[in-house]
Amino acid sequence: MPLQLARKYGQVSFFEKLGIAAVTVTLPFYLVARTIAFPFTSDRKKAFREITSQAQIRYIFKNLSCNQTQWLLDADDVTYKKYIKASGNEACVELLDDGAKLMWIGPKHTEKVLLYFHGGGYFYPMLEPHVYFLDYVRRELEKKGTTVGVATLAYTLLPDGGFPGPLRQAKHAIDHLIDLGVSPQNIVLMGDSAGGNMITQVLAHLLRPLPSVPAFSVHVRLGGACLISPWVALEGDICTQSFKDNDSKDIVTEAALQSWGKTVMAYVPLSFIPYADALRADKDWFDGLHGVINRVLVTSGQWECLRDAQIELYEKYLLPVHDDVQFMLQENGVHDDFILEFDAARREKYSEFLGKVVEWVSQTFDSMPS
């Protein structure tokens, strides 16, 4: 997939706009073909609306460059404003250092906070499903009697936001919450895909500060971290069996993941590669993890290309060094599967697996001191 990072974010030529138009015209035919094949493939194990929504994402990722997709997608600010208008909640956006922003989903509460890092391969902005997923989690926690502030970090994307820029901005967000009076043990990190990768970077930075990013000025032991379909094995050459098994099922193909990963890793100095991709580190990379975080959850989907790499992260890097690390595998799940339930066409239908993730978040907050 051509990335063309020499150009500015979302910059496309006239001919690339024609390419976008061509994909828009051919997409319905692709969806019709998937519909006809639906009863005869493994897709039949999922709801039809799920398959069509996920097929649309796959087709776009497969046929458009990153620049073209960036041009198509709304910026973080636009997505947030649409959410505010639709939800009736009050907007609250706080400016951080280095151009980052903290956007609050619902009322700003600072006793307990869920801090979210959205995915998108470090190329793509926050999407509508991210926002409504977070709003759902917030409301479900309220139903369980737990009031939590939910904030999502709008960080700088490629080509401007190369490593370690997102890590630095994630640290700014955590520092900001601490400055607001939030105890570190009352902060839970959550991130999907590249956002899950950011969490591994934050944990590594807490254990062994990256020289080019300021260390935390106070001792930080976070309440928890939930890594949703975390992006590890960025170049796609580790734990490759699930890439082969699921290339035709997942919403992102093996080729797309490898192309994105090689571009992201091009910004990483050789000596800092373990920060950007934990599976490139020695198995003791997260030694001491228990001292910087209370609980960890890793989720994956059965049909993910990254499934085996995510299992590797859990089994060989996290579980041996922490006694409260859990792994959940979603049957027939693709990358970010339960977040995709918050597509506009499916916003009232939620899976049992999503409920288990919310329950883990609820238990994590309930275990915190009042």
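Hi everyone, and thanks for coming. Before we look around, please keep in mind that this is a predicted model.

Let's begin with helix α1, which covers residues 14-37 and holds Phe 15. Is Phe 15 buried or exposed? Its relative accessible area is 66%, so Phe 15 is exposed. Together with Phe 14 and Leu 18, Phe 15 makes a nonpolar surface patch of about 380 Å².

Now, on to the strands. Please find β6, residues 222-228. How many of the residues of β6 are buried? The count is 7 of 7, and therefore the strand is largely enclosed by the rest of the structure. Let me show you what lies beside it. One partner is strand β5, residues 187-192, which runs parallel to β6 and is joined to it by 5 bridges. In that pairing, Val 188 stands opposite Gly 224 of β6. Another partner is strand β7, residues 293-301, also parallel to β6, with 6 bridges joining the two. Here you can look for Cys 226, whose bridge partner in β7 is Leu 297.

What does Arg 221 touch, once we leave aside neighbours within four places in sequence? Its contacts are Pro 184, Gln 185, and then the run His 290, Gly 291, Val 292, Ile 293 and Asn 294. If you want a sense of distance, take Leu 180: it is 41 residues from Arg 221 in sequence, and their C-alpha atoms are 17 Å apart.

Ser 229 sits in the loop between β6 and α8, the latter being residues 241-246. Ser 229 is buried, since its relative accessible area is 3%. One of the residues touching Ser 229 is Gln 310, which belongs to helix α11, residues 307-318. Gln 310 is buried as well, because its relative accessible area is 0%. Beyond the residues up to four places away in sequence, Gln 310 also touches Pro 230, Val 232, Val 298, Thr 299, Ser 300, Glu 304 and Phe 327.

I'd like to finish with some backbone details. Most residues other than glycine have a negative phi, and most peptide bonds are trans. Which way does phi go at Ser 229, positive or negative? It is positive, at about 45°, although Ser 229 is not a glycine. Asp 336, another non-glycine residue, has a positive phi of about 60°. You will find Asp 336 in the loop between β8 (325-330) and α12 (352-366), and at 9% relative accessibility it counts as buried.

The bond leading from Leu 158 to Pro 159 is cis, with omega near 15°. Pro 164 lies in the loop between β4 and α6 too, and a cis peptide bond with omega of about 5° joins it to Phe 163.

How values were computed:
Residues are numbered from 1 along each chain as its sequence is written. This is a predicted model: local features need pLDDT of at least 70, side-chain atom pairs count only at pLDDT 80 or more; totals for chains, interfaces and linings use all residues. Side-chain values use heavy atoms; hydrogens and water are left out. Patches are made of residues with over 30% relative accessible area and no salt bridge: like charges are joined within 9 Å, nonpolar side chains (Val, Leu, Ile, Met, Phe, Trp, Tyr) within 5 Å. Accessible areas come from the Shrake-Rupley method with a 1.4 Å probe; for residues, only the protein chains shown count as cover. A salt bridge is a side-chain nitrogen of Lys or Arg within 4 Å of a carboxyl oxygen of Asp or Glu. Helices (H or I, at least four residues) and strands (E, at least two) are DSSP runs, numbered from the N terminus. Buried means under 20% relative accessible area, exposed over 50%, partly exposed in between (1.4 Å probe, protein chains only). Contact means heavy atoms within 4.5 Å. Two strands pair if DSSP finds at least two bridges between them.
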